[in-house]
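I set each term down with its cut-offs where I first use it.

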Amino acid sequence: MRGLEGKVAIVTGGASGIGEATCRRFAQEGAKVVIGDIDGGRAEALAKELGDAALAVRFDAGDVASVEALVAAAVDRFGRLDVLFNNAALMSPDVIKLDTDPVGIDFAVWDRTMAVNARGYLAGCKYAIPHMLKAGGGAILMTTSGSGLLGDVSNIAYGASKAAVASLMRYVATIYGKQGIRCNAICPGLIRTEGGKKNVHGAMVGVMERNTLTPRLGLPEDIAAMAVFLSSDDAAFITGQNIEVDGGMLMHMPYYSDIMSGDIAWDS
Ligand SMILES: NC(=O)c1ccc[n+]([C@@H]2O[C@H](COP(=O)([O-])OP(=O)(O)OC[C@H]3O[C@@H](n4cnc5c(N)ncnc54)[C@H](O)[C@@H]3O)[C@@H](O)[C@H]2O)c1
């Protein structure tokens, strides 16, 4: 990718899954990477492995003061900030299983989900954008989800938080585009990360697989590849987009998997 050498990137949720793969890829591309995660031990272990190009910072996306401290730590260490990848989200099955439907959900679950998944991303923008403006521009990425685009039978707070993130992304792209800041979102399909495996298992994996057009489900590296591309100068003319990296899961007719499985013939 062009233009990543020497750039400074923060990746939130950088200690596991999509974030971890993206940190590794940024380091391979010659960027400096700040691994922000609530799991400080894992972030430290990854930073140690990546060497001088990496810094681990423990933070909680649900606590705006700790988001501010994350951005400050990145600038203190590397002197500038070029990329912010807002990617951390509440993935703990203990919380996700309580995130049900409008009648059953507790307000505390809604509030914590919104605080981490949506307000945490706003806070990242709030504290990162002034540094990017000083440097003449930058790239902001956010991880959304198909749950924010379509209705589903559960996890209403998660879905609404991801829809909020898609909107936040378009506002940031619109307000700061002329000042050189691009903002895009990546909308993953089913990615076999630790968080993904804890929340989607059993028969649902087969259902998702049947509705994915590619021969395999997604890998963290599939999303990392899009993240580094969108951060690079090769993506200089791309902004305001919510790009689906999902093996075509949301790009086909709802009856696709019934026909492909042979349950229903196209001409029946
Ligand atoms: N895996 C999938 O199938 C899938 C699909 C759609 C969207 N996503 C999105 O991808 C992103 C990454 O998820 P993943 O699959 O890599 O999961 P993961 O559980 O492997 O990684 C998530 C990371 O975020 C960290 N984290 C959680 N809460 C945090 C907080 N409050 N503050 C800071 N860090 C926190 C965790 O410690 C973990 O390291 C999330 O935004 C998720 O919603 C994932």
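Is Cys23 buried or exposed? I found Cys23 buried, with a relative accessible area of 0%, where buried means under 20% relative accessible area, exposed over 50% and partly exposed in between, with a 1.4 Å probe and protein chains only.

Before going on, I noted that this is a predicted model, in which local features need pLDDT of at least 70 and side-chain atom pairs count only at pLDDT 80 or more, while totals for chains, interfaces and linings use all residues. Residues are numbered from 1 along each chain as its sequence is written, and side-chain values use heavy atoms, with hydrogens and water left out.

**Cysteines**

I next looked for disulfides, a disulfide being a pair of cysteine sulfur atoms within 2.5 Å, and the count came to zero. For Cys23, the closest cysteine sulfur is that of Cys125, 18 Å away, which is too far for a bond. Cys183 also has its closest cysteine sulfur in Cys125, at 5.7 Å, and this is again too far for a bond. Cys183 is buried too, at 0% relative accessibility.

**Cavities**

Grid points are joined across faces, edges and corners, and a volume is the space filled by probe spheres set on the points.

I found two cavities of 30 Å³ or more. The largest holds about 50 Å³, and its lining includes Ile10, Phe59, Leu84 and Tyr121. Strand S1 (8-12), helix H3 (64-78), strand S4 (83-86) and helix H5 (107-134) each supply at least two residues of that lining, helices (H or I, at least four residues) and strands (E, at least two) being DSSP runs numbered from the N terminus.

The second largest cavity has a volume of about 30 Å³, and Leu90, Val95, Ile96, Asp99, Thr113, Asn117 and Tyr158 line it. Helix H4 (93-96) and H5 are the elements that give two or more residues to this lining.

Last, I looked up the second largest pocket, with a volume of about 280 Å³. Of its 19 lining residues, Gly137, Gly138, Ala139, Gly180 and Arg182 are the closest to its centre.

Note on methods:
1 Å grid on protein atoms, 1.4 Å probe; cavity = no way out; pocket = protein on both sides within 12 Å on 5 of 7 lines; lining within 4 Å.
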